Amino acid sequence: MLRTAEAVDRTIASARDNRPDAAEESPQSTANWAAALAGARQAVELSRGPDADDATRMRAASFLAEMEQTDRS
């Protein structure tokens, strides 16, 4: 369970690092946004593993919902 939680947390942290400032409009920020959104989706997939706990699933789902609310694509 701990390994999955750690993997989800690392994936979310990486996605947060890739997420550009909302005011930033450049090809690089668009690529970073796509990478951040993909990372959020990957975190959800990781959290669906059999050894993930409810808190891990909620963190992943909440982050994906946050990203999708502000999806710029």
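This is a predicted model: local features need pLDDT of at least 70, side-chain atom pairs count only at pLDDT 80 or more; totals for chains, interfaces and linings use all residues.

A: Leaving aside residues up to four places away in sequence, Thr4 touches Leu46, Asp51, Ala52 and Thr56. Thr4 is found in helix 1. Its relative accessible area is 11%, so Thr4 is buried, the cut-off being under 20%.

Val8 is also found in helix 1, which spans residues 2-18. Val8 has 0% relative accessibility and therefore counts as buried. With residues up to four places away in sequence not counted, Val8 touches Ala43, Leu46, Ser47, Thr56 and Ala60. Take Ala35 as a further reference point. Val8 and Ala35 are 27 residues apart in sequence. In space, their C-alpha atoms are 15 Å apart.

Now the helix pair. Two packed helices are described by the angle between their axes and the distance between the axes. Helix 2 covers residues 27-47. Helix 1 packs with helix 2 at an angle of about 165°, and the axes are 8 Å apart. Angles over 145 degrees count as roughly antiparallel, so helix 1 and helix 2 are roughly antiparallel to each other. Their crossing is left-handed.

Which residues meet between helix 1 and helix 2? From helix 1 come Thr4, Ala7, Val8, Thr11, Ile12, Ala15 and Asn18. From helix 2 come Asn32, Trp33, Ala35, Ala36, Gly39, Ala40, Gln42, Ala43, Leu46 and Ser47. By class, this contact has ten nonpolar and seven polar residues, with no charged ones.

Methods: Residues are numbered from 1 along each chain as its sequence is written. Side-chain values use heavy atoms; hydrogens and water are left out. Helices (H or I, at least four residues) and strands (E, at least two) are DSSP runs, numbered from the N terminus. Buried means under 20% relative accessible area, exposed over 50%, partly exposed in between (1.4 Å probe, protein chains only). Contact means heavy atoms within 4.5 Å. Axes are lines fitted to C-alpha atoms, for helices over the stretch in contact, and angles run from 0 to 180 degrees between N-to-C directions. Angles under 35 degrees count as roughly parallel, over 145 as roughly antiparallel, 65 to 115 as roughly perpendicular and the rest as oblique. A crossing is left-handed if the near helix is turned anticlockwise from the far one by less than a right angle, and right-handed if clockwise. Ala, Val, Leu, Ile, Met, Phe, Trp, Tyr, Cys and Pro count as nonpolar, Asp, Glu, Lys and Arg as charged, and the others, Gly among them, as polar.
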